[in-house]
Amino acid sequence: MLVAKLYAYAFVGEFILLYPVYTLLFIDTGLSVAETSSLFVIWSVTGMVLEVPSGAWADAVSRRLLLCLGPLLAGAGYALWILFPSYWAFAVGFVLWGAQGALVSGAYEALAYEELQCLGQESRYATVMGRAESAGLVAAAASIGLATPVFAVGGYPAVGVASVLACVLGAAVALTLPEHRTPGAVTEGSYLAVLRAGIAETRRDRGVLHAVLLVSFVTAIWGALEEFVPYLGVETGVAKAAIPLLVLVVWIGATAGGLLAGRAQGMSARAYALTIGGAALAMAAGAVSGHPAGFALIAVAFGAFQLAGVVADARLQERITGPSRATVTSVAGLGTNVVTLAVYTAYGAASSSLPHGVAFAVLVAPYVLIALLAARPPTPAPVQ
């Protein structure tokens, strides 16, 4: 039942019908491109500021509580967008959405790992999380397919209500999750003690720091580039109607990578590094090909990166020994947010003077360094 609930939570969290159309809502409200861009900045900054503090809160209080509050905050933001469409309502909604991401990040992984550990099934963590990631991708694809007919019938209010209901359902699913732990099990249970313990473990144990860096970089670069995949489709010269099909091919690749992550958990450091390096080469080759067939290589690359990200997270969870698991995981989440923002910025600068395919190839180049980092086995944990 635990695993099914984790899958359900991941699915519902991405089954938001507003996702495919909220940019249209901004346009119809009269927002400029600059105003829309500023909203994305607000969203990103909110997530970065709250990421680590919310992880410590999850460790000090309750991970299940944060998993419940997160969707409710996002749902409140979506309701604001529909009821009071204006720049400031959108800004508040993005703050709430950013807070939701921060609350869930770290808490979800920590709860999943420790509950599996209670069942003696922590070795299944990579399999479970890979399938959860895939469930989220399937939900996102389903929301895109369903948003069109729902929007045609009821407009923004209809997709807004559906999105709020999905958030409420997510909160309800969270309340059914087990939590067999004593909140605040660090130094008298104080919040600051939990926060300090998590940061100290990240700094003290070089293996944990190694895993945190891998999670941050492996996950962030391809995750940010995913947003620009449609531009590659345009560059191939295919009809606009065919671009969603090319994007679907890439999503299928990422979904397959999540499903295969469990089998890859035990791979050696060398094999892991080769997986990352090979994926980078496949992504670069597919992107610069300028041909629709290149999307098959991009799909393979995205699948490999998804697999590598899940395995990196699983190894991070295995390495954490202290009670501040959500805090340490949130440090990795903060790193992911920072790298993602850097990739967005770099892509914006590169795309003004380079073809999109070349920009992709340039931005996957750091994976060569990441592969070298991954090839080094982590040092033994320090003696407590």
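Let me begin with a term: a salt bridge here is a side-chain nitrogen of Lys or Arg within 4 Å of a carboxyl oxygen of Asp or Glu. Please bear in mind that this is a predicted model, in which local features need pLDDT of at least 70 and side-chain atom pairs count only at pLDDT 80 or more, whereas totals for chains, interfaces and linings use all residues. Residues are numbered from 1 along each chain as its sequence is written, and side-chain values use heavy atoms, with hydrogens and water left out.

By that rule, the model contains four salt bridges. In one of them, Asp 59 pairs with Arg 63, with N and O 2.6 Å apart. I shall call a residue buried if its relative accessible area is under 20%, exposed if over 50%, and partly exposed in between, using a 1.4 Å probe and protein chains only. Asp 59 counts as buried because its relative accessibility is 1%. Arg 63 is likewise buried, with a relative accessible area of 1%.

Helices are DSSP runs of H or I with at least four residues, and they are numbered from the N terminus.

Glu 114 also forms a salt bridge with Arg 325, where the closest N and O atoms are 3.0 Å apart. Arg 325 counts as buried because its relative accessibility is 3%, and Glu 114 counts as buried at 16%. Through shared partners, these salt bridges join Asp 59, Arg 63, Glu 114 and Arg 325 into one network.

Let us now consider a charged residue without such a partner. Glu 201, in helix α8 (residues 191-204), is buried yet has no salt bridge. The nearest side chain of opposite charge belongs to Arg 204, 5.1 Å away; Lys and Arg count as positive and Asp and Glu as negative, while His and the chain ends are not counted. Leaving aside neighbours within four places in sequence, Glu 201 is in contact, meaning heavy atoms within 4.5 Å, with Val 208, Arg 319, Ile 320, Thr 321, Gly 322 and Val 328.

Leu 165 and Gly 75 lie 90 residues apart in sequence, while their C-alpha atoms are 7.7 Å apart in space.

Finally, I turn to the lining of the largest cavity. Among its residues are Leu 232, Glu 235, Gly 286, His 291 and Phe 295; a cavity is a set of points, on a 1 Å grid over the protein atoms alone, where a 1.4 Å probe fits but cannot get out, and lining residues have an atom within 4 Å of a point. Helices α10 (229-235), α12 (269-289) and α13 (294-319) each supply at least two lining residues. The largest share, three residues, comes from α12.

Definitions and conventions. 1 Å grid on protein atoms, 1.4 Å probe; cavity = no way out; pocket = protein on both sides within 12 Å on 5 of 7 lines; lining within 4 Å.
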